[in-house]
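Here are my notes on the voids in this model and on the ligand. Please read them with the structure open.

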Amino acid sequence: MKYVSTRGNAPALPFEEVLTAGLAPDGGLYVPDSLPHFSAKEISAMAKLSYGELAYTIMAPFVGDAIPEKDFRELIAKAYGSFRHSAIAPLKLFEKNQFVLELFHGPTLAFKDFALQLLGRMLDYNLSKRNQKIVILGATSGDTGSAAISGCVDSKFIQLFMLFPDGRVTDIQRRQMTTVLAPHIHNIAVAGTFDDCQNHVKAMFNDATFLPNHKKVAVNSINWARIMAQIVYYFWAGLHLGAPHRAISFSVPTGNFGDIYAGWIAKAMGLPIEKLIVATNRNDILDRFFKANDYSQKGVEPSLSPSMDIQISSNFERLLFDLHKRDGKKIVTLMESFKTTGALKVEDSVYKQAKETFLSHKVDDDATLETMRNTFEKTGELLDPHSAIGYRAATKLFANADHPIVTLATASPAKFRDAAVKAIGIEAPLPLHLKELMAGKERFTQKPNDLQEIQKYIVGAV
Ligand SMILES: *Cc1c(COP(=O)(O)O)cnc(C)c1O
């Protein structure tokens, strides 16, 4: 399988190169040139697989012969062996036809571990084979950073620089990054928003004169391998709820559109997905698109769900590419217009097609807290604010669901303790490993919201 750019003007790459590619040279994002498709019979045959076996089955066609089967199975086993729950992604019934898929049992307590535990290991595997060193540049709204660091912490081939918005991630999120003292891990607190951080990282990738002698690698959700790893749990949940014989819908707390895009791909690969619900917080560019074909940028406002405080959803370009019959030229026009005007609108027929699969719902902070409180009272389960947004959207849009709706629980409530106190008035006890975290020594660098200052620091530290 080869990978092509959403802007249609970059050389196709094999998997091993897409693993270390950031944006394509034409500014687009890499996507597979074709998708594997599983028949109903093939999906039925997956029903008894363990999570690791299923992960291999779903991902093998994307990886091809880039990693031999035995080695790939081993990397998968190691990646998910770091999870604390033996089911890896347990599924819970909250009320009739409303399920919650817990994706937060990995080492950093958010769903990003599913992709980054594997990506870190695949990178290291590739680099050690080639004896090559790389520089990873990333931006995080809170959870990517720690998950990326955790996935790369043992590598001898990686220097990792992580930008995060100073003061806009929780103490636990920050400490999960900054208490990793390994010399190849560098955390940079930027006096700006997540979008600023993401823009700086994009600019550094586009600047050939910056670190000209180093291979720069992205681990943000623009990295195809992350999307790939996230497809697996859609199948996992679907198989547990009767796929391929029964349709399932998913509600996904959404920021950068990576997680829900994996659901879109799962559907294209044959999983019977009825609807995908885009659940957003007050930063609602995606809700406005799916409600009114209005993808127009506004300022980012902080919310109780900081990992979704995003206004430009990078992976949305991948959906636009699919919706425009994979016509790169159209995407160039759309994205150029978005860049200059800050707004984008698609043709009616394209919009209609998007609406066939996607629904959306926006949830403000008060409703988030109310949902955390209500579900806790009804079920005894505490949702984190991101997952609560997903659950709220699922139950509002499908009040009397006639088929299973699965909300992706993207983070553990232990990660967002202030919100839990606001919602239910009590502080959930800290798991032991988090107690240790709160006592650990931190190391990070503060920088102004200025690309040149940040670049100067990185050049000096690499
Ligand atoms: C990253 C993140 C999201 C958003 O996921 P995207 O793939 O960026 O849409 C939602 N919830 C949590 C807890 C996250 O860490």
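1. In the second largest pocket, α7 (171-178) and α17 (417-424) each give at least two lining residues. Of these elements, α17 supplies the largest share of the lining, with four residues. Helices here are DSSP runs (H or I, at least four residues), numbered from the N terminus. A pocket is an open set of points on a 1 Å grid over the protein atoms alone, with protein on both sides within 12 Å along at least five of seven lines; lining residues have an atom within 4 Å of a point.

2. This is a predicted model: local features need pLDDT of at least 70, side-chain atom pairs count only at pLDDT 80 or more, and totals for chains, interfaces and linings use all residues. Residues are numbered from 1 along each chain as its sequence is written, and side-chain values use heavy atoms, with hydrogens and water left out.

3. The second largest pocket has a volume of about 390 Å³. A volume is the space filled by probe spheres set on the grid points, which are joined across faces, edges and corners. The lining holds 19 residues; nearest the centre are Thr170, Asp171, Phe416, Asp418 and Ala419. By class there are eight nonpolar, three polar and eight charged residues. Ala, Val, Leu, Ile, Met, Phe, Trp, Tyr, Cys and Pro count as nonpolar, Asp, Glu, Lys and Arg as charged, and the others, Gly among them, as polar.

4. The largest pocket reaches about 540 Å³. Its lining has 21 residues, with Arg7, Asn199, Lys202, Met335 and Lys339 nearest the centre. Two or more lining residues come from each of α8 (194-206), α12 (316-323) and α13 (328-341).

5. Four cavities of 30 Å³ or more turn up in a search of the whole structure. A cavity is a set of grid points where a 1.4 Å probe fits but cannot get out. The largest cavity has a volume of about 260 Å³. It is lined by 24 residues, and Phe111, Lys112, Gly255, Asn256 and Ser307 are the closest to its centre. α6 (143-152), α9 (224-240) and α10 (258-268) each supply at least two of the lining residues. Eight lining residues are nonpolar, twelve polar and four charged.

6. Where does the ligand sit? The space it takes is the largest cavity. The criterion is that more than half of its atoms lie within 2 Å of the grid points. The ligand is surrounded by 15 residues, the closest being Lys112, Asp143, Gly255, Asn256 and Thr410.

7. Check the distances to ligand oxygen atoms. A polar side-chain atom of Lys112 is 2.5 Å from one. Taken alone, the ligand exposes 380 Å², and the protein buries 97% of that. Areas come from the Shrake-Rupley method with a 1.4 Å probe.

8. The second largest cavity has a volume of about 90 Å³. Its lining includes Leu23, Lys202, Phe205, Asn256 and Ser314. α8 gives the most, with four residues. Five lining residues are nonpolar, five polar and one charged.

Conventions: Near = heavy atom within 4 Å. Polar contact = N/O pair within 3.5 Å; in protein donor to acceptor, adjacent residues only side chain to side chain.
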